[in-house]
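Subject: Structure handover

Hello,

Here is the structure I said I would pass on. My notes on what was found in it follow below.

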Amino acid sequence: MADREDLEFNYSLIDRVFRASMGECADFSGAKYDGDFSLSLEEAQRRKHEYVAEQLGIGPGRRVLDLGCGWGPLLDFIRRRGGSAVGVTLSSAQAAACRRHGLDVHLHDARQVTRDSFGAFDAVASLGTFEHFCSPREHRAGRQDEIYRGLFARTASLLPDNGRLFLQTMVFGQNMIPVDRIDINAPRDSDAWYLALLGRQFPGSFLPYGQEQIIRSARPHFRLVASTSGRLDYIETIRPVAQAVRRAEHEKDAAQAPAAPPLADELRLPARVHLGREREQRLLRAGAARPPPTRVREGAMS
Ligand SMILES: C[S@@+](CC[C@H](N)C(=O)[O-])C[C@H]1O[C@@H](n2cnc3c(N)ncnc32)[C@H](O)[C@@H]1O
């Protein structure tokens, strides 16, 4: 799986620029336009939260766990609906940001949550996190099903009989190329090249092979109740996010004037990371531009 270091790289490095450009408790996963692309990103994200709430029965008195809670958008929504919510993330910056907003968030591995960690829940949600649970190396070692099975078993143990899990994840489609063809030296713009770039942007992360692999691994703990494709939603979500990042790029340029505030430094890094430029990523991965290490305050992290 993507480990703590990988996730600090993915999320903590962009913490300030993400909050500055998208909002304090913004979503970092596909929204739900349902074909109505006149909706704003915020409206489409709200529509997604309402769909999750409907599926999970979120409301007063209900206790919900969010596996991989990001900057806390779903937790915030549940709180406004009168429910109580606990979130886990492996990004220390996300955990700190959520706590500043009074959200109950822990730096804890989502794959290791048991009843001893935070008690039992009425429902569990996980939006845009499943992608991080199995690494390409684990996939090559034939461990992908086993890893997912472990996660589903532990998640089920937190729930009552007939309790629900809402899972949002990207999956590989039928045109996925063989993994050993993924190569940064493959022809530019080829699938092999794009997948290699993504692998550098999201080290330790890999997708399930269609919903079939998820359904298979979830048995016997969960059966599929409902499923929707968010393919077009995802494509549409990227547009306003990219616009916001471009706006941040302009702010970065403005901030590069003498006496620039500390934010300028951070703006410079994520903007480059976002564009997937290999050289800067290699520098980051080598530790040249990492933020100072943060202490793990709680949880089951090694
Ligand atoms: C793409 S973000 C999605 C955040 C949020 N669910 C949303 O929709 O905005 C992925 C999140 O998963 C978290 N994550 C990934 N692997 C994790 C793990 N093993 N344990 C806890 N959190 C994890 C990351 O820290 C990040 O918060």
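By class, the residues in the shell around the ligand are 11 nonpolar, nine polar and three charged. Here Ala, Val, Leu, Ile, Met, Phe, Trp, Tyr, Cys and Pro are nonpolar, Asp, Glu, Lys and Arg are charged, and the others, Gly among them, are polar. The shell has 23 residues, and the closest are Ser29, Gly68, Gly70, Ala110 and His132.

Two points on how to read the model. It is a predicted model, in which local features need pLDDT of at least 70 and side-chain atom pairs count only at pLDDT 80 or more, while totals for chains, interfaces and linings use all residues. Residues are numbered from 1 along each chain as its sequence is written.

The chain as a whole: it has 13 helices and five strands. These are DSSP runs numbered from the N terminus, with helices being H or I of at least four residues and strands E of at least two. Of the 302 residues, 35% count as buried. Buried means that 20 or more other C-beta atoms lie within 10 Å of the residue's own, exposed means 12 or fewer, and partly exposed is in between, with C-beta atoms placed from the backbone. Among contacts with a separation of 6 or more, residues 24 or more positions apart account for 67%. A contact means that two C-beta atoms, placed from the backbone, lie within 7 Å.

Next, strand β4 (residues 123-127). Five of its five residues are buried, with Ala123, Ala125 and Leu127 on one side and Val124 and Ser126 on the other. Which strands does β4 run parallel to? Three bridges join β4 to β1 (residues 63-67), and five join β4 to β5 (residues 164-168); both pairings are parallel. Two strands pair if DSSP finds at least two bridges between them. Valine 124 is the bridge partner of leucine 65 and also stands opposite leucine 165 in β5. Alanine 125 stands opposite phenylalanine 166. In β5, four of the five residues are buried.

Not counting residues up to four places away in sequence, alanine 125 touches Val52, Leu56, Val64, Asp66, Leu74 and Phe166. Val124 and Ala125 are among the residues with the most contacts inside the largest nonpolar core, which has 52 residues. Such a core is a set of buried Ala, Val, Leu, Ile, Met, Phe, Trp, Tyr and Cys residues joined through C-beta atoms within 7 Å.

Why does alanine 85 count as buried? Alanine 85 is placed in strand β2 and counts as buried because it has 25 C-beta neighbours inside 10 Å. Its contacts, leaving out residues up to four places away in sequence, are Val64, Asp66, Leu75, Ile78, Arg79 and Asp104.

Last, helix α3 (residues 41-56) has 16 residues and reaches 22 Å from its first C-alpha to its last. Its buried residues include Val52 and Leu56. Just after α3, glycine 57 takes a positive phi of about 65°.

Regards

Terms used:
Near = placed C-beta within 6 Å. Expected span 1.5 Å × (residues − 1).
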